[in-house]
Each structure stands twice: as structure tokens, then as C-alpha cells.
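Here are a few notes to read beside the model. Please have the sequence and the 3D view open as you go through the points.

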Amino acid sequence: MLPPVEHAVLQNNPDFAALHHTLTTAILNPDGSSKKPYTREQSAIQNELADHNFTAAKTHLLTSALATTAPPDPKPAPRSLRAPSTNSAPPSAPAPQLPEPLLDLLLLLPPLLTSPEPLPAENLRILLSNPPFTDLQSLLPQLGELVSSTLHQSAVALARIANPTTNPSFLHRTVPGLQTSYRNLQSEIEESRHALARERIRAAAELTDLLSRHASILTLLVRALEAKHGLVARSLEFRAAETALVAQRVEQDAVAAREGVRRELYSPEMVAALGNYAAHLRDARMRLEGTVATLTAELEGYGVGVDGEQGKERTMREIAKKYRAMERELEDVKRDLERLGRA
């Protein structure tokens, strides 16, 4: 099947993404074969290839069967616990023994067929020109039966693996369908591998994204630490300390300037005069407070501002009002007399 491609690769390469889309949808099948129908020459080549594959598979099966075929183990006759009777059937005859040339052939064929290095031509010629290989034609029927039995046992074993839930008595019926089962299993394995590859690519992409985010977080953390404890923070701290020192110096200069202005504006004589004036104001305030207290006491004697003496206060107010009226009349009389005197 076609290998999967990372989404990031397709996203970063639009031309390749377009080519990949064209290949996977219009030109190639999911298994990598072409969607274009075969020509006559291509069909002939495919048929010839299939024939060669069939021949190679058959040769491989026969070679494996010949290499794994072993002479059958002799089965001992079952013993009976009952006493032999005259009417009982005679014991079964023992299984026929294989001829000695066939046994020699079964012992010589596996190493000859499975040897990683071929024998020298001279040794091979000597081996094939001596028994049991010279009797191969006469031994072929029995050898074929043994190979057929081996192939059947292997097929039944494969059928048992492919169909684990089938009754062992019916496994031989599933042998013809081994090829279909094998193809189905092979297609499932390919699909599983393809899905696993896709999941691996997706996991790798997500892991890359996660690592990128982790790197961004670490970058922000380093920047925060640098801002708190790094050169920038120390520079800001030094600038703040310098600014504080400048502010203290400006404050001291302002205090010194204020004291200088005070010394220039207020001479010792002026300070003494201002002190005397302040003492005079304090004395005047004390005298004024004493006068106010005396007048308040006199008014209280007339009932002003005293609870329960409202009638007396009202009488005094009437007297004061009449007194002011009499003063106005007296002033009018004085003005009239002055006019008469001038006349």
C-alpha cells in the first residue's frame, strides 16, 4: 500500500500535495497498482509472472515438504488385558516397513535441499550416481505418498490456525479455502500496518506540536525569570535607586533654598518685631476674651441668654428699643435747635 504522508509536509508543499492527490485518486490504487487497464502485452507479462510465481510456490512447497518429510514412527500393537480366546479375531498385522533405500533417501534429501551452499559438481555427480538416487524412479510412488501426507498435515495445521473455532473433525473441509483466508489475512495485515503508520505519523505530529508548545512555555518562563532576576530587572532596580537618590538630593536642595530665603526675608530685628507683635496679639485676644466674658455676665444679669428669664429679656429689649427711639428724637431736636441757632 502507498505509504502515508505527514499533513505538515503536504501543507508546507502545495505542489507536492497536488501531485500526491492526483497519484492517490486518479492514477494509483491504494495498493500501489495502476488504475489504467493493462494492455495486451502487459496482460501477457502479468500472466507469465503469475505462472512463474505459481511454479516457484509449488517448488518451494515441494522442497519444504521433502525437507521435512520423515519416516513414520512404528506403532506398537495395542495390548489387551483380556485372556485370548479361541473365538477372538486374530491380531492386526503390523504396519508395513518402508524399504531401506527409501529411508536412506529421506535421510539424504533434507540436507541436500536445505544446504546454504551447493555441493561441488563432482560430489553431486558421485552422490546422484549411487543408491538410493539411482532407484529414485521406483521409490517415487512411496515418496509421493509420504510427501502428500506431510503436505496434508501442514495444510490441516494451517487450517487449525486460520479457523481456531472449527471442530477438528471438519478442519479438512477448510483446506481448499486457505488461499482465500491467507489473502484476507494479508489484506487485513496490510490495512493494519497502513493504519498503524498513519497513527504513528499523527502521534509524531502531535508530539512535535506538544514539544513546540513546551519549548514556547520554557521560553516564556526564561523570559519571566530574566525579567525578575536578570539584567533587565537589575537595571531597573539600579535606575530606581538612582532616581530615589536624585529625589533625596532635590529635597535637600529645596530645604536649603527655603532656609536661605527665610534668612534673606526675615532679619533678626524683623523676627524680634514679629515676635513682639504676636505677643501683643495674644494679649489683645486675652483682653478681648475678658471683655466678652464681662459683657456676657452683664447681659445675663439683664436676663439675656438665661433660661427662664425670657420675660425680663423681652422687657430689656423693649427698653433698649425705646431708648434708641428717644436718642433719635433727641438728635432730631438737636438738629432743629442748631438750625434755629444759625437762623
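1. A word on terms to begin with: contact means heavy atoms within 4.5 Å. With that in hand, residues 24 or more positions apart account for 53% of the contacts in the protein that have a separation of 6 or more.

2. This is a predicted model, in which local features need pLDDT of at least 70, side-chain atom pairs count only at pLDDT 80 or more, and totals for chains, interfaces and linings use all residues. Residues are numbered from 1 along each chain as its sequence is written, and side-chain values use heavy atoms, with hydrogens and water left out.

3. On confidence, pLDDT is the predictor's own score for each residue, from 0 to 100. Its mean over the protein is 78, and 87% of the residues reach 70 or more. Please treat residues 83–95 separately: pLDDT stays under 50 there, and the model gives this stretch zero contacts beyond four places in sequence.

4. The protein has ten helices and zero strands; these are DSSP runs numbered from the N terminus (helices H or I, at least four residues; strands E, at least two).

5. The accessible surface of the protein comes to about 28700 Å², with 60% of it belonging to carbon and sulfur atoms (Shrake-Rupley method, 1.4 Å probe; for residues, only the protein chains shown count as cover). Of the 343 residues, 8% are buried, where buried means under 20% relative accessible area, exposed over 50%, and partly exposed in between (1.4 Å probe, protein chains only).

6. The largest pocket has a volume of about 960 Å³. A pocket here is an open set of points on a 1 Å grid over the protein atoms alone, where a 1.4 Å probe fits, with protein on both sides within 12 Å along at least five of seven lines; lining residues have an atom within 4 Å of a point. Grid points are joined across faces, edges and corners, and the volume is the space filled by probe spheres set on them.

7. What lines this pocket? There are 22 lining residues, with Leu-61, Leu-158, Leu-178, Gln-179 and Tyr-182 nearest the centre. Helices α3 (40–68), α6 (136–162) and α7 (178–229) each give two or more residues, and α3 provides the largest share, eight.

8. Thr-150 sits in helix α6 and is buried, because its relative accessible area is 14%; beyond its neighbours within four places in sequence, Thr-150 contacts Ala-65, Thr-68 and Thr-69. Arg-200, in helix α7, counts as exposed because its relative accessibility is 58%.
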